[in-house]
Every structure is written in C-alpha cells, then in structure tokens.
2 protein chains.
Amino acid sequence: VITSVHNERVARAVRLGRRSAREAERRFLVEGERGVRDAVRAGAVEQVFVTPERSRRSEALLAETTAGGTRVDEVSPEVMARLASTVTPSGIVAVARFVDVGMDAVARRPPAGAQPFVSMLVRVRDPGNAGAVLRSTDAAGGAAMVVSEESVDVYNAKTIRASAGSLFHVPVVREALPEDAVDRLRGAGFRILAADVDGRRDLDAADLSGPVAFLFGNEARGLGSLEAAADETVRIPMAGAAESLNLAAAAAVLLFECARRRRPGRA
Amino acid sequence: VITSVHNERVARAVRLGRRSAREAERRFLVEGERGVRDAVRAGAVEQVFVTPERSRRSEALLAETTAGGTRVDEVSPEVMARLASTVTPSGIVAVARFVDVGMDAVARRPPAGAQPFVSMLVRVRDPGNAGAVLRSTDAAGGAAMVVSEESVDVYNAKTIRASAGSLFHVPVVREALPEDAVDRLRGAGFRILAADVDGRRDLDAADLSGPVAFLFGNEARGLGSLEAAADETVRIPMAGAAESLNLAAAAAVLLFECARRRRPGRA
C-alpha cells in the first residue's frame, strides 16, 4: 500500500489535476467505479489507484483491469484524497490516455442512407453542461461530439463526472476551430443547425433528416458570428415565462427530438 | 452607502444564507439582475441591496423597485461579498418573502378539456438539477412543480440561480409528503407518470394526454417504493452506450415531449 504522496507514480498522477500537465502528458484522471470501468473497457487506462477498502468492493473490475496488463496500486485514503477531486472520494482513480479523435474521424461522408447526428459545443464554459451534453449525445445515439477551442476542457474532472462514462463511448474532437469544423462537417454532407432561443425555425417545423450537426453556443453569449455559418437556426417552442432553457436541457430536447424522428413507427 | 456587515438590515439578510434562518423568517435571498427583477415583479421583494457600481447599471430596475415602495440600500463591495453566494457577485441582492404555495393550489381539478401538466421532485438532492427542472417546467408550459420533503431547498442560492427566475413564474409546493401529494394529484384527476430508466412504457407509446404529473426521483436511488403508486412508469428510448440520462436532461425531454403533443399541428 502506497502511503506517500511523494511516490513517483502518485506524484505524476496528482499533477494531472492541472490542465497544463494533462496537455503535456496527454493523460488525465478518471474517478469512480463506473468511469474507471468504461475507461478500462475502452483500452485507455495505464494505471489504477485504489484504496484497500474499495479494492475489496471492486474485485471484478480490478481483476478485469490486471488481466488486461494494467498496473493496479493500492494507496492509503490520504493518498486517494490527493488524487481525487471530490470531497468524498469513491476510492478508485485511473490514469488514462487521451481518447479524443481528429476531425477526420468525424467529418467523413456517411454511407448512403445513413443519418448520423453530431453535437458541437462552441465556447461552452461550464464543465457540468459539457459533460451533460456529451452524456445526452451518447444516450440519444449521436455519432460524435465536437468541442471548440476556448471551451471547457473535456478532461476536466467535473466534465468527466457529468459525462457518466460517455467520454469513452462517443468519439470526441477537442480544440476544434469553429469555422473550420463547420466547413468540414458541411463538406462531408452534414447540415448545420444552430440552436438559438431566437432561431428562425421552430423545432416542430425544422428538417432534422439526413446527417445533421447541432451547434450549441456559450451559456451567456450564444454562438455569436458563427450562427451566420449555419444552414438553419432552430428554436425550441416555449410556453411559459422562462426566457431560455439551460444549455444542457436545450441540447437534450433537440438531440432526443432528432432521435425520435429517426425511430420507425414513432408516436 | 452601508459599509459595515454589522448593519442590522445587512446582518439579518446575511443570516438568510442558512436554511434554518430562512425557515424561521420565511424569507430568502435572490441574487442578480434577472432574479431580482422577476422577484420584484412577483411582488415578493422586501428589500434590495446594491453596490454603487451596479446601481448605475440597473437604474430602470431600481426605479421600478422603489416605485413599488420597496427599500433599496447601497452597500460597499465588501458588504455585497458577504450577502452574495457567488465568487463574482453581480452586485445586486434582494430579500424576498417565500413564494411557495400549498398543495390546495396545485391539486385542484382542472376545467373540462384543460390538460395541465406538473412536475414533482422526490428527494432530489442536487440544487442545480432542481433549479433546471423548475426552469424546464416553466419553459415547457408546466402548471406547477411539487418538491417533496428531503429534497434540496428550493430557496437555496444555487437552486434559485439554476431556475433563472422560474421560481417566480411557476407555483411551487415544497416539503410535500410524496404519497400524500400523489394521492391528492390523482384525486384531482391527474395521471401519475413516473420517470424511470427501466420504465415499463416507452415514451413514444406513453399516453401523455389529459392532466399529467411527472415524478422524478433521487439522482442515485430513483423513486423507490413511490414508483408503485404511479399509474405508469415511462422510459426515454436510448440508443447509445449511456446507462441513463442526467435528471435535468431526462426531465427536459419528458416535459417538452408532453408540451409537443399538446401543440396543434405538430410535426
């Protein structure tokens, strides 16, 4: 059992709490049984740290991890407290390699008849929102998520937690240049739909068929000038006195309406 | 300009940061231009504190506030820092009276042909989730929100912020006994639909017509035994590898699907 935060492997892992260290090493931390499990199954994990207590409760996962040749070290609760970002650590943390992909992997022409949809975050700042949109993209059956430069880091602990494992299920592009990403998606046959509370087209009347990319903008400033690059701006019909929806809620409504229309025999 | 946190009105307001003080006084704090404006228009505000800088930028709102006979005090940035819950205070905070209503106001038989829908949170713990569901309920055109005992306090600063003013637009019942609230809603003609990732009925096939109450359970434990009291359990069709949706995202999908089906000429 490692009891010192000066242990070399522990110290290197602790540094990954900082974005600059993550970028330099192209590695990040994943916390909690579910996240670690999904990361292990995605083949992204290099090392797992676990408390003795958690070790007993996560036997199956740890057996699966070591069977794949990945190192597991037991650490004291004090060391775990340094590795974890939460106040009540779950007792298990993994060091994982970056899993993001390039635009090439996403902006490719789909097979004839396929109707993939992707979401794109443009300068979204809140880690909870980014993670929740990723989770909704996954659950709705989205093909990928593109995250622009000047957005929150998808490898931020809060984003990963909010994504509930979806970071390892859905291809994610990060640090994309917004105009370039839009051009490349359009070039691959995607129609570009900008979500906007004042959008020209009501969601009920919007054409969501075919390959579609949904653009979601900054929580306060929206999409700004990028909106002009969209093929259509779409608004969610609202009935009450609320001026707008939370970004993650708006994304869920749009993505699941898109999924609904793709289902045969829909209501 | 008040510069001391020992000023009597300031000290009383600061205490409202604690739930026990809020319950004792039946008053709470609202921060930010939008929240304060909605609270003033709802007739709920007793007192406003504002920094000199903010005072210049919020002239119209402050004129409206004082015209209604409500006291406005200028306070120093240091005093504002104590009144505000955020790291970067917006410079305006109001003391408001509780706005929640009793079950009588919600569990009443709607007029013939009316199809109101309400949301009900059962032991929901996350303030951001509670506020986001309230905002979505408002935006979807929901008639009310019921919050059970053992849920997060709707007068928590984070909940109010996440509700983006909807606390003042939608009637909210708090501290409801779950079984009793379900009985009373059913007695008033509402069908009780429990949101559950493993629900028996697919959303596409679920009957959302007529007066409907949507039950949303605890983030980790769901609805528990209360689910048996529902007329139907409804699941959102999911396509990807995600095991579930974020509570606020799931609520947005259900509430907006309900609103969509109530619109004439829907897609």
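I will start with a helix pair in chain B. B:Glu33, B:Val36, B:Arg37, B:Val40 and B:Arg41 in H3(B) meet B:Leu61, B:Glu64 and B:Thr65 in H5(B). Meeting here is contact, that is, heavy atoms within 4.5 Å. Helices (H or I, at least four residues) and strands (E, at least two) are DSSP runs, numbered from the N terminus.

Before going on, the ground rules. This is a predicted model, in which local features need pLDDT of at least 70 and side-chain atom pairs count only at pLDDT 80 or more, while totals for chains, interfaces and linings use all residues. Residues are numbered from 1 along each chain as its sequence is written, chains are lettered from A and ligands numbered from 1 in the order in which they are written, and side-chain values use heavy atoms, with hydrogens and water left out.

Back to the helices. H3 of chain B covers residues 33–41 and H5 of chain B residues 59–67; their axes come within 10 Å and cross at roughly 25°. That makes H3(B) roughly parallel to H5(B); the cut-offs are under 35 degrees for roughly parallel, over 145 for roughly antiparallel, 65 to 115 for roughly perpendicular, and oblique for the rest. Axes are lines fitted to C-alpha atoms, for helices over the stretch in contact, with angles from 0 to 180 degrees between N-to-C directions.

Next, the strands. In chain B, S4 (residues 92–97) has five of its six residues buried, so it is largely enclosed by the rest of the structure. Buried means under 20% relative accessible area, exposed over 50%, and partly exposed in between (1.4 Å probe, protein chains only). S1 of chain B, residues 27–31, runs antiparallel to S4(B) and is joined to it by five bridges. S2 of chain B, residues 45–50, is also antiparallel to S4(B), again with five bridges. B:Val95 in S4(B) is the bridge partner of B:Leu29, and B:Gln47 stands opposite B:Val95 too. Two strands pair if DSSP finds at least two bridges between them.

Chain B also has an open sheet of seven strands with parallel pairing, in the order S7-S6-S5-S10-S8-S11-S9. S7 (172–176) and S9 (201–202) of chain B stand at the edges with a single partner strand each, so one side of each has no neighbour in the sheet. Inside chain B, S5 (residues 117–121) and S10 (residues 212–216) pair in the parallel sense over five bridges. Within that pairing, B:Phe216 in S10(B) is the bridge partner of B:Leu121.

What else does B:Phe216 contact, leaving aside neighbours within four places in sequence? The list includes B:Met120, B:Val133, B:Leu223 and B:Leu254. B:Phe216 is also among the residues that touch the most other members of the largest nonpolar core, which has 111 residues; A:Phe28, A:Phe214, B:Phe28 and B:Phe214 are the others. A nonpolar core is a set of buried Ala, Val, Leu, Ile, Met, Phe, Trp, Tyr and Cys residues joined through side-chain atoms within 4.5 Å.

B:Arg123 has a phi near 55°, a positive value in a residue other than glycine, and is partly exposed at 23% relative accessible area. B:Glu175, in strand S7 of chain B, has a positive phi of about 60° although it is not a glycine. Most residues other than glycine have a negative phi.
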